[in-house]
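Reader: I have a structure open here and would like to go through a few residues with you. Could you take my questions as they come?
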Amino acid sequence: MKFKRLADYLAKLEQTNSRLAITEILAALFDQADGQEVAQICYLSQGRLGPRFANTEFNLAEKLMVRVLAKAYGQEEKEIRKAYQQKGDLGDLVQLYDQQEKSKPLSVSQVYQQLEIIAQEGGGGSVERKINQLASLLSGLESQSAKFVVRITLGKLRLGFSDLTILDALSWLVAGNKSKREVVEEAYNIRADAGYIAQVVKEKGLQGLEKLTVSLGVPVMPALCQRLGTTEEIITKMAPRQAFAPSSGRGVQEEAMVAVEPKYDGTRLQIHFGPQQTVIFTRNLENVAAMFPDLVAALGKELKAKSVILDGEAIGYDPQTSRFLPFQETIKRKRKYEVGATSKEIPLKYFCFDILFYNGQSWLKKPFRQRRRLLEQVLPKSNQTIMLSPQIVTADPERLRCYHDEQIAKGLEGVVIKKWSAPYEPGRRGFTWVKLKSEKGKKGAGLTDTLDCVVMGYYHGRGKRAAFGIGAFLVGARHGQEFLTVSKIGTGLTDNQWREMKRRCRGTELIKMPRNYQVDKNLFPDVWCEPKIVVEIEADNITRSPIHTAQYALRFPRLIRFRDDKDAFQATSLAELKKLYELQK
Ligand code: ATP
């Protein structure tokens, strides 16, 4: 496929608001490309050269792009900067400068490969080499193609869809509707690389996905928790005795059990450990192994396995008192600089609660009780850093309540309850795992959990807040690929939090409302923000709302923290919001 054709499709996608129409356009595009191109298109259309976890974003600085354009089109840098101020988009300038006919149109793969070469440039003089190569690539492309290459390399191609739309489009490609979405998503949850999944579907159809399995180095979408109100409800739902034959043997009894584990408030890490390399993924599939050299070293010493994928929570502790540190301290370990010094200041323990892969084999489908037995072999009791998560196994709501209260008394967040006989459910928020933070009824009304909302825009401050440049901000919940508002928050932040909020908003400001936002006109903020900042919000309760597009609003919302470990598509969903609303009643 010629890149020019892809650029025509990107232009169409840019003009399209409806999710369904975007899905159809993508499916038509996939239909015309070959397998390898489909994978490349998946990456390029999201401004990358590979899957999200491979850290292949370009993010070329704008001032370098000015130099690239000057070189490609023989313009003065000064003039380009001036035109940029007027147009607000460097990509749009290409059409202004480029007048020449192009003789040989490049293919998608040729452009992709050239971009790969440019991205891999490193060492002395690499900036100059990048500028020269990119300028030469641009001048060989007709103007619409060049415009999109500029946006891709700047990280500014905002087509407003994520991997999830690609999964919809794949269903559309094979079935002409969304009926196969679940099958495609199941595969993606096991191997979270949309480009790879797309190539398999294109080349082998849905049958190709049947053989797909866990792969060391490619993230598995982490299993997530549901919420339930009381320990009685939890036991009834997760370990219903009547569902099993009257007990005759131990195995049957074990079916009607749950495992209960402390809920550590640290940071979720999926560890891929093997003979060649160790990779560590965060909850939103960023590869962060370089930030945790202490964990990498401990894995080599403490694991009894050749290769494993582990799921667990890393939490910082005070080396003097051995007490666990709050999340805000643990998260300081997520940094690119002074990694060594910070790892001494804030040492970590990794509480491992699941094993997904062991010595070359997937363990996803085995029941939890078997996975747990394996974990006990892989993690010796003498370990100092890579620890086996404590747990009890019970079917008694009272015992569950006591264990929960013990964890709260120790300063932990609560407990996570897990079906003892269930497989690991990648990417699903099912009733296999349920979290219990504070029990319903105990604290009167009130919410059983906090919400993770997306900052959609902000309002300029008046009075004292004018100095911060922000007086309130608009937050929303996720509904599929869209964001619906739930609250305008203008109080409850410390001065430092306001400053921090403004600082973070600055990097995400937009002139127009993104297409996937639904906001009532009366709530339009002064400045729109890209859906990038996720904040954890505590509220007294949730009410029905005629103004907010989620149709629910938060009462007395308070900012708890920034959730840097989540991206916007992992924010609280409308379905979860409804569930929390019902749980409080
Ligand atoms: P929260 O906001 O409550 O931390 P979340 O929205 O990040 O939750 P949930 O799926 O709702 O994600 O809660 C599960 C999270 O709890 C996991 O992502 C993990 O980080 C953390 N956790 C801590 N201890 C455990 C445990 N023993 N088992 C499973 N998850 C645990």
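This is a predicted model: local features need pLDDT of at least 70, side-chain atom pairs count only at pLDDT 80 or more; totals for chains, interfaces and linings use all residues.

Reader: What does UniProt list for Lys-263?
Author: An unreviewed UniProt entry lists Lys-263 for "active site".

Reader: Which strand holds Lys-263, and is the residue buried or exposed?
Author: Lys-263 lies in strand E2, residues 258-263. Its relative accessible area is 16%, so Lys-263 is buried, as the cut-off for buried is under 20%.

Reader: Turning to Trp-433, where is it placed?
Author: Trp-433 is in strand E11, which covers residues 429-436. Trp-433 counts as buried because its relative accessibility is 6%.

Reader: How far is Trp-433 from Cys-225, in sequence and in space?
Author: The two are 208 residues apart in sequence, while their C-alpha atoms are 4.8 Å apart in space.

Reader: Now Asn-284, please. Where does it lie?
Author: Asn-284 is in the loop that runs between strand E4 (278-281) and helix H16 (293-302). Despite the loop position, Asn-284 is buried, with a relative accessible area of 10%.

Reader: Which side chain has a polar contact with that of Asn-284?
Author: That of Thr-282, at 2.9 Å. Beyond four places in sequence, Asn-284 also contacts Arg-52, Asp-564, Asp-565, Lys-566, Asp-567 and Gln-570.

Reader: And Ser-145: which helix is it in, and what does it touch?
Author: Ser-145 belongs to helix H9, residues 143-154. Not counting residues up to four places away in sequence, Ser-145 touches Phe-3, Lys-4 and Ala-7. Ser-145 counts as buried because its relative accessibility is 1%.

Reader: One last topic, the packing of helices H10 and H12. At what angle do they pack?
Author: H10 (residues 163-175) and H12 (residues 194-204) pack at about 5°, and their axes are 10 Å apart. Angles under 35 degrees count as roughly parallel, and H10 and H12 are therefore roughly parallel to each other.

Reader: Which residues make that contact?
Author: H10 contributes Asp-163, Ile-166, Leu-170, Leu-173 and Val-174, and H12 contributes Ala-194, Ile-197, Ala-198, Val-201 and Lys-202.

Reader: How many of them are nonpolar, polar or charged?
Author: The contact of H10 with H12 has 8 nonpolar residues, 2 charged residues and no polar ones.

Notes. Residues are numbered from 1 along each chain as its sequence is written. Side-chain values use heavy atoms; hydrogens and water are left out. Helices (H or I, at least four residues) and strands (E, at least two) are DSSP runs, numbered from the N terminus. Buried means under 20% relative accessible area, exposed over 50%, partly exposed in between (1.4 Å probe, protein chains only). Contact means heavy atoms within 4.5 Å. A polar contact is a pair of N or O atoms within 3.5 Å; within protein, one must be able to donate a hydrogen and the other to accept it, and residues adjacent in sequence count only if both atoms are side-chain atoms. UniProt positions are given in the numbering used here, feature names are shortened, and annotations may be inferred rather than shown by experiment. Axes are lines fitted to C-alpha atoms, for helices over the stretch in contact, and angles run from 0 to 180 degrees between N-to-C directions. Angles under 35 degrees count as roughly parallel, over 145 as roughly antiparallel, 65 to 115 as roughly perpendicular and the rest as oblique. Ala, Val, Leu, Ile, Met, Phe, Trp, Tyr, Cys and Pro count as nonpolar, Asp, Glu, Lys and Arg as charged, and the others, Gly among them, as polar.
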